[in-house]
Amino acid sequence: KDAVVRALRRRRKQQQQQQQQQQQQRGQAPTTLELTADDFTKALASTAPSSLREVGLSVPDTSWADVGGMAEVKRSLQEVVEWPRKFAGKFEQLGVSPPRGVLLYGPPGCSKTLMARA
């Protein structure tokens with residue numbers, strides 16, 4: 001979108017210059033619009049990714065104390081998520097790489113989101 005705007009501005013500037021040089025071209029709409037790599041390069045430099053434009057990060061105020069029951073699931077999640085940070089040296093000594101992610105699955109209403117926030 002920003003690259004197109006840059007190209008349109010460039011085209012408008014070219015038209016204005018042409019109009020000043022040649023009276024007969026006054027008022028003609030552009031028949032073509034050329035997007036160049038330079039338009040995209042300059043647009044990238046001045047544009048934030050759309051995913052970052054409207055989304056702000058928020059830290060949930062949920063703790064493990066808010067999660068009732070499910071002791072086994074809580075313990076497993078703590079091992080997978082917290083231990084690699086708490087015991088990074090131990091993981092290195094043992095040559096163990098921590099899990100790259102966690103997949104929570106289950107029916108609606110089984111506290112998946114609450115567990116992820118905690």
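Start at D39, which lies in helix 2, the run covering residues 37-46. The model is predicted. D39 has a relative accessibility of 5%. Buried means under 20%, so D39 counts as buried.

What is D39 in contact with, once its neighbours within four places in sequence are left aside? The partners are A3, R6, A7, R10 and E34.

Is V4 buried or exposed, or something in between? Its relative accessible area is 33%.

T36 is 32 residues away from V4 in sequence. The C-alpha atoms of V4 and T36 are separated by 9.5 Å.

Next come the aromatic rings. How many aromatic pairs does a search of the whole structure find? It finds one. The pair is made by W83 and F87, whose ring centres are 6.0 Å apart. Their planes stand at 80°. Planes over 60 degrees apart count as edge-to-face, so this pair is edge-to-face.

How accessible are the two partners? W83 has a relative accessibility of 39% and therefore counts as partly exposed. F87 is partly exposed too, with a relative accessible area of 39%.

Key: Residues are numbered from 1 along each chain as its sequence is written. This is a predicted model: local features need pLDDT of at least 70, side-chain atom pairs count only at pLDDT 80 or more; totals for chains, interfaces and linings use all residues. Side-chain values use heavy atoms; hydrogens and water are left out. Helices (H or I, at least four residues) and strands (E, at least two) are DSSP runs, numbered from the N terminus. Buried means under 20% relative accessible area, exposed over 50%, partly exposed in between (1.4 Å probe, protein chains only). Contact means heavy atoms within 4.5 Å. Rings of Phe, Tyr and Trp (its six-membered ring) pair if their centres lie within 6.5 Å; planes under 30 degrees apart count as stacked, over 60 as edge-to-face and the rest as tilted.
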